[in-house]
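Biologist: I'd like to learn how to read sheets and helices in a model like this one. Can we go through it step by step?

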Amino acid sequence: MHKQGAHILIVDDELEIIRALSRGLTAHGYRVLTARNGEEAIKKTFQNRPDLLLLDLMLPTISGLEVCRRIRAESNVPIIVLSVKTKEHDKVQALDLGADDYIAKPFGLGEVLARIRVVLRHLAQNESGADPKVEIGGLTVDFGQRRVWVDGDEINLTPTEYDLLKVFLAHRGKLQTRDMLMEQLWGSHSRGKTHSLHVHVAQLRQKIEPVPNHPRFILTVPGVGYRFEVEQEG
């Protein structure tokens with residue numbers, strides 16, 4: 001099992017499906033979060049920032065389509081729909097609202113795992129701007145598996161630390177102002193989080209820098225922000 005797999009939110013009102021998917025995904029190294037209705041799905045998406053949603057359409061309180069609509073208004077998190085609705089217009093409607101893929105119920109675990117890999121690989125390529133694996137000095141990041149190594153040893157990052165590293169690597173070599181970083185981490189509601197940004201940068205340095213007090217990767221640009229150094233990139 002991977003030490004640190006992608007974080008997946010399973011949204012379904014059928015307990016047996018949640019249990020089966022949770023067991024299967026956990027066995028393949030993914031971290032799992034669950035929700036039983038639409039309101040809970042939206043809340044957990046914005047609180048926990050999962051890497052991908054497996055979303056049923058027929059949910060209590062708020063439909064899966066409405067969940068998709070609301071999440072897409074503020075987030076690009078990948079969404080794979082799981083539904084008993086198999087008519088073409090149902091699929092089209094879900095995809096038009098921003099779903100990335102559509103799997104009809106009943107489904108096999110192998111198919112779900114394959115679709116997850118494809119969506120996460122596509123996301124990794126978009127975020128990294130090139131190869132889904134980046135190696136810079138002793139730092140290695142596999143975006144597809146959401147895994148990070150320093151000098152060959154795998155390290156565990158919090159969701160915010162990983163997101164911050166992902167932003168730095170997507171714009172490596174370029175100046176990122178504090179406002180730019182906060183916008184990419186926390187969206188339009190990031191005002192007043194400058195101290196939080198500094199704390200997360202410090203924590204990330206502690207985990208990836210050989211000498212955190214004299215960083216070689218995350219360099220401070222005084223009074224402006226940060227730049228991720230690329231001189232060590234292989």
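Biologist: Which strands does helix α3 lie across, and at about what angle does it run to β3?

Modeller: A word on the source before that: this is a predicted model, where local features need pLDDT of at least 70 and side-chain atom pairs count only at pLDDT 80 or more, while totals for chains, interfaces and linings use all residues. Residues are numbered from 1 along each chain as its sequence is written, and side-chain values use heavy atoms, with hydrogens and water left out. Helices (H or I, at least four residues) and strands (E, at least two) are DSSP runs, numbered from the N terminus. Axes are lines fitted to C-alpha atoms, for helices over the stretch in contact, and angles run from 0 to 180 degrees between N-to-C directions. Here, α3 (residues 64–72) lies across β3 and β4 (79–83), at about 155° to β3.

Biologist: Which residues of α3 are buried?

Modeller: "Buried" means under 20% relative accessible area, "exposed" over 50%, and "partly exposed" in between, with a 1.4 Å probe and protein chains only. In α3 the buried ones are Gly-64, Leu-65, Val-67, Cys-68 and Ile-71. Looking down the axis of α3, they fall within an arc of 160°, so they line one face of the helix. That arc is taken from the directions from the helix axis to the C-beta atoms.

Biologist: What do those buried residues pack against?

Modeller: Contact means heavy atoms within 4.5 Å. The buried residues of α3 pack against α2 (38–48), β3, β4 and α4 (88–96).

Biologist: In what order do the strands of the parallel sheet come?

Modeller: Two strands pair if DSSP finds at least two bridges between them. This open sheet has 5 strands in the order β2-β1-β3-β4-β5, with parallel pairing. β2 (31–35) and β5 (101–104) are at the edges with a single partner strand each, so one side of each has no neighbour in the sheet. On average, neighbouring strands here are turned by 20° against each other, direction ignored. Zoom in on β1 (residues 7–11) and β3 (residues 52–56): they pair over 4 bridges, and Ile-8 has Leu-52 in β3 as its bridge partner.

Biologist: How many strands form the antiparallel sheet?

Modeller: That open sheet has 3 strands, in the order β10-β12-β11. Its edge strands are β10 (175–177) and β11 (218–221), each pairing on one side only. The twist averages 30° from one strand to the next. Helix α6 (residues 159–170) packs on this sheet, touching β10, β11 and β12, and its direction makes about 70° with that of β12.
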